[in-house]
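Work through the exercises below with the sequence and the coordinates at hand. Try each task before you read its solution.

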Amino acid sequence: MPKIRESLIHDLHPTQLTVGMIEVQDKKTHLASLKPKDQQAFMEAHPIPAVEGPGGTLYITDHHHLVRAALEAGLTSGFFMVEADLSTSAPGDFWGEMDKNQWVHPLDENGVRHCYTLIPSHLEKLIDDPYRSLAGYVRDAGGYQKTPTAFAEFVWADFFRRHIAVEDLKADFQAAVKCAKGLAASKWASGLPGFQAK
């Protein structure tokens, strides 16, 4: 059973290249509105899944938006659910195991896969992919169901990337969410994780 422990947020390593900064800013605003004891309670109620990598480094495998938001809101520590201990692995073996378990997703803001070495060493270096925010907002609006499928949000982001122009997304985010919610219920999305027919 995974163990939960507290760790400094600044010491955590991401396992992806991007986040949706609109979603990060919303989470940051929420966290910043809480009193310190409530911030701690919130983080403890939302433990971040992580893997212990070479040298004991913690690599977060999900909830990058929350952790980046916590960092930007000035929180110094969070609570983490350690899913696996790969601390004795060689770096090449470590990334291979991470990939096999779908704990790493090195796609850039254009949906292009990169080498593991390009994954940033710090959460502050994650780059913005507006389609990640779009996917998150569409899910929260009931466009598709939250699913345990690894990195489902990336799949949806890539789907929306092919159907909604980035200029339209940046010009009117809420209109893009409405359009994307309709697309999420269409036959073209029927094979995606969390799809729900209307």
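**Exercise 1. Where do arginine 68 and glutamate 72 lie, and how many residues apart are they?**

Solution. Start with the location.
- Both residues belong to helix H3 (residues 64–72). They are four residues apart, about one turn of the helix.
- Next, the distance. The model is a predicted one. In it, the closest N and O atoms of arginine 68 and glutamate 72 are 2.8 Å apart. A salt bridge requires a side-chain nitrogen of Lys or Arg within 4 Å of a carboxyl oxygen of Asp or Glu. The pair forms a salt bridge.
- Last, the accessibility. Buried means under 20% relative accessible area. Arginine 68, at 9%, is therefore buried. Glutamate 72 has 27% and so counts as partly exposed.

**Exercise 2. Which parts does the salt bridge between glutamate 52 and arginine 5 tie together?**

Solution. Take the distance, then the sequence.
- The closest N and O atoms of glutamate 52 and arginine 5 are 3.6 Å apart.
- Glutamate 52 sits in strand S3 (residues 48–52), and arginine 5 sits in strand S1 (residues 3–8).
- Now check both ends. Glutamate 52 has a relative accessible area of 15%, so this residue is buried. Arginine 5 has 27% relative accessibility and is therefore partly exposed.
- Finish with the total. The whole structure contains nine salt bridges. A network of salt bridges links Arg132, Arg139, Asp140 and Glu153.

**Exercise 3. In what order do the four strands form the open sheet?**

- The order is S1-S5-S3-S4, with mixed pairing.
- S1 and strand S4 (58–60) are the edge strands, each pairing on one side only.
- Neighbouring strands of the sheet are turned by 45° against each other on average, direction ignored.
- S1 and S5 run antiparallel and are joined by six bridges. Serine 7 stands opposite glycine 78 in S5.
- S3 and strand S5 (residues 77–85) pair in the parallel sense, over five bridges. Isoleucine 48 has phenylalanine 80 of S5 as its bridge partner. For alanine 50, the bridge partner in S5 is valine 82.

**Exercise 4. At what angle do the axes of helix H5 and helix H6 cross?**

Solution. Geometry comes before residues.
- The axes of H5 (residues 130–140) and H6 (residues 152–161) cross at roughly 110° and come within 8 Å.
- Angles of 65 to 115 degrees count as roughly perpendicular. H5 and H6 are therefore roughly perpendicular to each other.
- On the H5 side, the contact includes Tyr131, Leu134 and Val138. On the H6 side, Phe154, Trp156 and Phe160 are among them.
- The residues of this contact divide into eight nonpolar, one polar and four charged.

**Exercise 5. At what angle do helix H1 and helix H2 pack?**

- H1 (residues 21–32) and H2 (residues 36–45) pack at about 130°, with their axes 9 Å apart.
- H1 and H2 are therefore oblique to each other.
- His30, Leu31 and Ala32 of H1 meet Gln39, Phe42 and Met43 of H2.
- By class, the contact has four nonpolar, two polar and no charged residues.

**Exercise 6. Is the phi of histidine 63 positive or negative?**

Solution. Recall the background, then look at the values.
- Most residues other than glycine have a negative phi.
- Histidine 63 has a positive phi, near 60°. This residue lies in the loop between S4 and H3. Its relative accessibility is 32%, so histidine 63 counts as partly exposed.
- Glutamine 102 also has a positive phi, of about 60°, although it is not a glycine. Glutamine 102 lies in the loop between helix H4 (91–100) and strand S6 (127–128).

Technical notes: Residues numbered from 1 in each chain as written. Predicted model: local features only at pLDDT ≥ 70, side-chain atom pairs only at ≥ 80, totals over all residues. Heavy atoms only, no water. Axes fitted to C-alpha atoms, helices over the stretch in contact; angles between N-to-C directions. Helix = DSSP H or I, 4+ residues; strand = E, 2+ residues; numbered from the N terminus. Parallel < 35°, antiparallel > 145°, perpendicular 65-115°, else oblique. Contact = heavy atoms within 4.5 Å. Nonpolar A, V, L, I, M, F, W, Y, C, P; charged D, E, K, R; others polar. Buried < 20%, exposed > 50% of the residue type's maximum accessible area, 1.4 Å probe, protein only. Pairing = 2+ DSSP bridges.
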